[in-house]
Amino acid sequence: MGEQSAGGAGAVADWDQRPVGIDELLKRVRAGYRRIEAREAHEAARTGEALLVDIRYAALRERDGLIPGALVIERNELEWRLDPQGSHRVPEATGHDLRAVVICNEGYASSLAVASLRQLGLHRATDLVGGFQAWRAEGLPVEPATP
């Protein structure tokens, strides 16, 4: 068995043992997959090749609106809802081959969320470069959130 961190017997030992900052963590996470641009995500969703998953919190959705057709799942529920083996999964979580495009506000939290989904075996999960703000800046469809 490998070295254990100061966290004790249950600690994950396969991460680098030295502390890293968030910028380094994002760089490491993003090196493991190809992120997607807004127009490509729009086309993949339009053709049914990808499921858009909006993880922004309610105040941002209410302020800025929604992407039509995107599945809204709060970040703290994401893994439970998209795990194809989970008892709390959504109907869209049909298998580990699901191409989920995770969307946060600006494209940072979504990268960390994708790392978690990939650990669950969702090997095609990716995130939107620039998040919802990039989507909106491209002039792609947005609808008002209903209270």
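1. The largest pocket holds about 150 Å³ of space. A pocket here is an open set of points on a 1 Å grid over the protein atoms alone, where a 1.4 Å probe fits, with protein on both sides within 12 Å along at least five of seven lines. The volume is the space filled by probe spheres set on the points.

2. This is a predicted model: local features need pLDDT of at least 70, side-chain atom pairs count only at pLDDT 80 or more, and totals for chains, interfaces and linings use all residues. Residues are numbered from 1 along each chain as its sequence is written, and side-chain values use heavy atoms, leaving out hydrogens and water.

3. Lining residues have an atom within 4 Å of a point. For the largest pocket they include R56, Y57, E74, R75 and Y108. The lining divides into 6 nonpolar, 1 polar and 4 charged residues.

4. R56 sits in the loop between β1 (51-54) and α3 (58-64). R56 counts as buried because its relative accessibility is 2%; the cut-off is under 20% relative accessible area (1.4 Å probe, protein chains only).

5. Where does the side chain of R56 reach? To the backbone oxygen of L60, at 3.4 Å. A polar atom of the R56 side chain also lies 2.7 Å from the backbone oxygen of G65.

6. Helix α2 (residues 38-46) has A38, A41 and A44 as its buried residues. Seen down the axis of α2, they fall within an arc of 125°, so they line one face of the helix. The arc is that of directions from the helix axis to the C-beta atoms.

Key: Nonpolar A, V, L, I, M, F, W, Y, C, P; charged D, E, K, R; others polar. Helix = DSSP H or I, 4+ residues; strand = E, 2+ residues; numbered from the N terminus. Buried < 20%, exposed > 50% of the residue type's maximum accessible area, 1.4 Å probe, protein only. Polar contact = N/O pair within 3.5 Å; in protein donor to acceptor, adjacent residues only side chain to side chain.
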